[in-house]
Amino acid sequence: MTQTWKKIATVSLAAVMLTGSLAGCGKKAVSIDKENPSINVMTKAYNTESASPDSPVLQKLEEFLGTKLNITWVPSTSYDEKVTAAMGSGEYPQVMLVGSRSSSVIQNSRAGTFWDITDKLTDAEKFPNLAQTDPTVNHNTSIDGKVYGVYRSRELGRAGVSIRKDWLDKLGLEQPKTIDDFYNVLKAFKEQDPDGNGANDTYGMIVTDYLDGPLNNIAIWMGAPNQYGIKDGKLAPAFMFDEYLEALKFMNKCYNEGLINQDMATYSSDKWNEQFLSGKAGVIIDVADRARRLAQNIQAIDPNAVVDVFGYVTKDANSEPRTLPTTGYDGYYVFPKTSVATEEDLDFILGVMDKANEQEALNLMNYGIEGRNYDLDADGYVVKKDDANLTKEYNDLNQFSTGIVATELQIKYATDVAEKIQEVYDENKLHTVANPAEPYVSDTYSTRGPQLDAIMSEANTKFIVGQISEDEWKAQRDRWLQQGGQKVIDELNKAYEEDDSVQK
């Protein structure tokens, strides 16, 4: 089996996709040889050429981890199909990245296809790094209260507001702290000539046809739940809460006063940055790291522009901070029982993944070998070497990284705002509002989700731009229930009630 995987790992990505084969196909699981260990891994590839078995970086990583890594690279564009094919055939590697929590992933988890590692992730003696996984994120990946994989960590507190700080300074304004402050800033950016050109040609905030970004953040600030909340002891969609409607009314007020762009319903999110970079508007609510790109790109247009970023405002001076989180993960690694023979083998693999969170491993997976693939400057920051032959030695190795303990080296920030983004992440994380329905799956939503989403998306947009009244918006909410939304709620609540891991 090991030799089969070695051959697969050396062939081209095209061949991997054509053969559709995985190591150990149809064979009984064989225990890992602890004297000469080897682990078969399937993960995503984003580059044309991923790190090959003869890569010096991969070999050094294997030496550090104490095992051979036989990696099958699958193009990211077809990865989910590859996972589905593996589950259909029952032919698995020992470590497989699951890119999404599809119905087949959930069904296989429930059927016992993958090892349940819930208790493993709290064993700090055996797995000191994996034991630092975030309980909220583990819950987000869980199925019926059980955790079946090691997630690939992503920032929980990624939301942020990008803003023209030079405009604030010119108008004598501070960074907004409350919703009222935020409104006043948008109004000042519209009415007080923040660019100083004497013309009434600016406005406050750019909103696009991707309405969910700004709306969901503002709704959280107002006190609404994150997608779903608990109402009368049951899960209910956020738009069933009064605070969500308050957020819509706030955006409607801003629209009526010209504080946001009047073409928001049709303005493409692909052009989100354009009005900011051209000096027409001074605020974007999206992810905090958008501020880094804005700061870099605006310098060529207006060298005097200063971009700042912050994470949230509160409903009022007496309200606690609330922030909209991500799910906190980008896929997770599962361990199929047909290829991981024993719990001893599982512990060995988890031990390898635990060690992969140490700094030396992270540096290798992200940057390669110091002195070969990168150097360190006088301040200890990474300076990558641009030679394509060197970069391909570690291409895509970071896909194996779970990033549970982020201690790798850093590249020097190009702008002040880029350095501040991490501060925003860290602060946001303290105030995130979890989605209690995140782990659960509704069969009705799986088939009718796009149609249901379209009902509320259209209703929200029409309400903000004044095309429908509050009563008409509520009628659309009732329509959502009638068209299958109530079944979605019922199915999610059934799963919620059956989840013994949640304190009701």
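A nonpolar core is a set of buried Ala, Val, Leu, Ile, Met, Phe, Trp, Tyr and Cys residues joined through side-chain atoms within 4.5 Å. In this predicted model, the largest such core comprises 62 residues, and F182, M205, I218, W221, Y244, F250 and W473 have the most contacts inside it. Helix α10, spanning residues 242–256, supplies the largest share of this core, with eight residues. A second, separate core holds 61 residues, among them W115, I117, M365 and Y394.

M205 illustrates how a residue of the largest core is surrounded. Once residues up to four places away in sequence are set aside, M205 touches F182, L186, I218, L259, I260, N261, V283 and I285.

D289 is situated in the loop that runs between strand β9 (281–287) and helix α12 (290–298). Its relative accessible area is 9%, and because the limit for a buried residue is under 20%, D289 counts as buried. The side chain of D289 forms a polar contact of 2.7 Å with the side chain of R158, and another, of 2.9 Å, with the side chain of Y425. Beyond its neighbours within four places in sequence, D289 is in contact with R158, I421 and Y425.

How values were computed
Residues numbered from 1 in each chain as written. Predicted model: local features only at pLDDT ≥ 70, side-chain atom pairs only at ≥ 80, totals over all residues. Heavy atoms only, no water. Helix = DSSP H or I, 4+ residues; strand = E, 2+ residues; numbered from the N terminus. Buried < 20%, exposed > 50% of the residue type's maximum accessible area, 1.4 Å probe, protein only. Polar contact = N/O pair within 3.5 Å; in protein donor to acceptor, adjacent residues only side chain to side chain. Contact = heavy atoms within 4.5 Å.
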